[in-house]
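Keep the picture open while you read.

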Amino acid sequence: MKRYTLCKCCFCVLAVLFLLIRAGALPQAEDVCGGPVTAAGTVSRIEEKENDSYQKQIILSLSSAAFCGGSFPEQNQNNPNPAKESARGILCYLDRGEQAPRLGERIVVSGQAVMFRRPRNPGGFDEASYYLAKGSLFALKKAVIVTRSGSCDRYRQGLLLCRLYAAERLKEICGEDAGVMQAMLLGDKSALPEEVRRLYQKGGISHILAISGLHISFLGVGLYRLLKKMLPLIPAGMATAVFLISYVILTGGSPSAMRAGMMFLLAVLAEATGRSYHRMTALSVSALLTVLGQPLLLTQSGFLLSYGAIVGLELVSPILSRLWSGRIARLFTAGISVSAVTLPILLFSFYEFPICSFLLNLLVIPLTGLVMALGILAFLTGLVSAPLGKLIFMPVHLILCLFETCCTLVGRLPGNMWRTGKPELVQIAMYVACLLVFCLAGKYMTKPLAILLLAGGLWLLTGNVRTGERILILDVGQGDGILLQNREGSAVLVDGGSSSERDLAEYTLIPCLKSRGIRRLDYIFLTHMDADHISGVEDLLEALGTSREEVAVDTLILPDIGNPDETYERIVSLAHAAGVRVCVMGYGDRLFAGGFSILCLHPQKGESYEDRNAASLVLYLQKGAFSALLMGDLDGDAEELFAGRMRRFFGSGVTVLKAGHHGSAASCGDDFLSLTRPLLTVISCGEDNSYGHPDERTVKRLCTYGSQVFVTKDTGAVEIIVRSGSVKGKTWRMGVAFTAIRE
């Protein structure tokens, strides 16, 4: 057991680092403002990508960066000498026409600093933590190079030129498959078509696009065995080490590539020194060496999945192989072992799991080695003769077509994508405890106990631990989006649009629904037809019935008005084309959904309205003593008429108010507030919006009537949890918890 001491020590250090990060003891991503800035740094990475205009965009990563001048508001408030302040690292988007510097060159750049975004809604991507783990604190847009040192890292610059040359040759030889081959062989996904990436991800085979142990084993082991026949052991090992280190740098140094490369080099070192090789020790040492420079990698899914897969093969697979030793069972043992360890990481990061990926990977993984071998052969041959290289590549094209066909078929299987939602940390802890007991039992493990531990852990991980009904008022920028959900999974969306956020469905609505385990919306209410209320819903409806479908919709509910406009009719047509039932709702109509009684208080049925805002659906939600009033964009004269008509309706007021028209100056008038007297008010609007929402006078009026006010542009999404006898909630960005109690 002494030989495992190093392994245990490394894992203990990693565990302590992880706990320190979770406790906030180590540097985290900061959420501060940007501005014009000049900074100096060393070029550590150069990428070329297409921007939104399909033009080449040069992106630089600067390390050892420091501010040289300009203003950077919140960074410089407590530092009178910004020139000495470290920026850790910077991601620079060079302005059009700027020439790329060389790797290792020290440069001074000037541009507009833009902070990476923190998640503002459930399921949102934590851009700030992701880039901080890669060493970048902020991005510099429209960057201009002020000065250059002239000297560079010739070794790394040479590797970059080799990579660029190889990419160009692959484009010539591989044609439409060049993006896939660049990802598989060079670690460059910039040319990978988005639809192919999505297809591989849905099929559960996207791991073949990452430089990993398969690539290192294929190249490293093959070269090492060849060199051992020609050279003594130590020179062969050194030559292989130089090649692998160069290859890892050339492909971008991803965590999976670094893990596989270090483990292989440790195996070669063990053989050269006559020592025994222990994979778990090599795994723990490589993990520790990787995170010493960037501890936040311990929170990134790519790092955890790469190492978790090997842990599963080393600790779980031997036990399963002993218990189920049949020929058919052995086909699934490795896949189940890897999934047993990586499942909580996948669900915590992506909220769903493709069940049939087990079967698909039985075909894909063996063929991937053939794809790599023929791809490399086609590339090398193409250096001499492009036509001959294309001929050799033809079988690879057929195999890649087979991969896409299989992924498409698997994606269409009902129930293939198991969406559980994001598990709570306590669920993950209980699952890990079950897995630890399983591994520690070792040779004493029996089939019944194995089934009990694994099935029990799975039930603990994926069970629904949420209680009560929830109202989630999303931060959609300048727009509205409200999700209602009860414990049983019934879900309702009220509006879903934005005039400031692009692709709202893809980047906000769908990730939120996935994180809550929602596959189907019982109802979507559209209060009116302004783009800032319907843009995301339009995308959802267009995706229904296609391979892009992420969520099903049962019924679309629109306001019952007498003068529907062109946008109204287009939404109805979209819904019918998607197979979604369309209903209308007017004053007095009621239904029960999402755990709430939903009563329509406006508009009057069949009435015509000149202004879209005046025709907004106004919904009154009730659950026991709790009530919420969703005002759509109703304000001004329409709000006054509404207040007059509802004079005797509200009684003791409402618990929660979603303010009308984003808190405009004409919303939440005195007559309306004296009638509703909300305990909590949420205003949905975007940062730096041109309308000046919310109006300061509106916020002051709300505070005068004793309401707590939350503005989504400041707080992020606001979640309200209704349980028997209590109403509690929290804000997503600021983490403020609150309770609604009427004294």
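Among contacts in the chain between residues at least 6 apart in sequence, 71% join residues at least 24 apart. Contact here means heavy atoms within 4.5 Å. What you're looking at is a predicted model, where local features need pLDDT of at least 70 and side-chain atom pairs count only at pLDDT 80 or more, while totals for chains, interfaces and linings use all residues. Residues are numbered from 1 along each chain as its sequence is written, and side-chain values use heavy atoms, with hydrogens and water left out.

Now for the overall build. The chain has 23 helices and 23 strands; helices (H or I, at least four residues) and strands (E, at least two) are DSSP runs, numbered from the N terminus. Its radius of gyration is 29 Å, close to the 27 Å that the globule rule gives for 743 residues, so the chain is as compact as a globular protein of that length. That radius is taken over C-alpha atoms, and the globule rule is 2.2 Å times the number of residues to the power 0.38. Along its principal axes, the C-alpha trace spans about 95 × 70 × 55 Å. Buried residues make up 51% of the 743 residues. Buried means under 20% relative accessible area, exposed means over 50%, and partly exposed is in between (1.4 Å probe, protein chains only).

Let's follow some helices, starting with α4. The expected span of a helix is 1.5 Å times one less than its number of residues.

Which elements do the buried residues of α8 pack against? They pack against α4 (154-174), α5 (178-186), α7 and α9. Among those buried residues are Ala236, Gly237, Leu244 and Tyr247. After α8 comes Gly252, with a positive phi near 105°.

Helix α9 (residues 255-273) should span 27 Å with its 19 residues, and its end C-alpha atoms are 27 Å apart, in agreement. Its buried residues include Ser256, Arg259, Met263 and Phe264. The buried residues of α9 pack against α7 (213-230), α8 (233-250), α10 (279-293) and α11 (301-323). Just after α9, Gly274 takes a positive phi of about 75°.

Two packed helices are described by the angle between their axes and the distance between the axes. α11 and α12 (residues 327-350) pack at an angle of about 145°, with their axes 6 Å apart. Axes are lines fitted to C-alpha atoms, for helices over the stretch in contact, and angles run from 0 to 180 degrees between N-to-C directions. The contact is made by residues including Leu304, Gly308 and Val316 of α11, and Ile336, Val341 and Phe350 of α12. By class, this contact has 15 nonpolar, nine polar and no charged residues. Ala, Val, Leu, Ile, Met, Phe, Trp, Tyr, Cys and Pro count as nonpolar, Asp, Glu, Lys and Arg as charged, and the others, Gly among them, as polar.

Further along, Thr381 lies in helix α13 (residues 357-384). At 15% relative accessibility, Thr381 counts as buried. Leaving aside its neighbours within four places in sequence, Thr381 is in contact with Leu388, Gly389 and Ile392.

Most residues other than glycine have a negative phi, and most peptide bonds are trans. Lys142, in strand β5 (residues 138-148), has a positive phi near 50°. Is Lys142 buried or exposed? Its relative accessible area is 64%, so Lys142 is exposed. Asp503 has a positive phi near 50° too, and sits in the loop between β10 (491-498) and α17 (504-515). With 42% relative accessibility, Asp503 is partly exposed. As for peptide bonds, the one from His602 to Pro603 is cis, with omega near 5°. A cis bond also joins His693 and Pro694, where omega is about -5°. Pro694 lies in the loop between β19 (680-683) and α22 (696-704).
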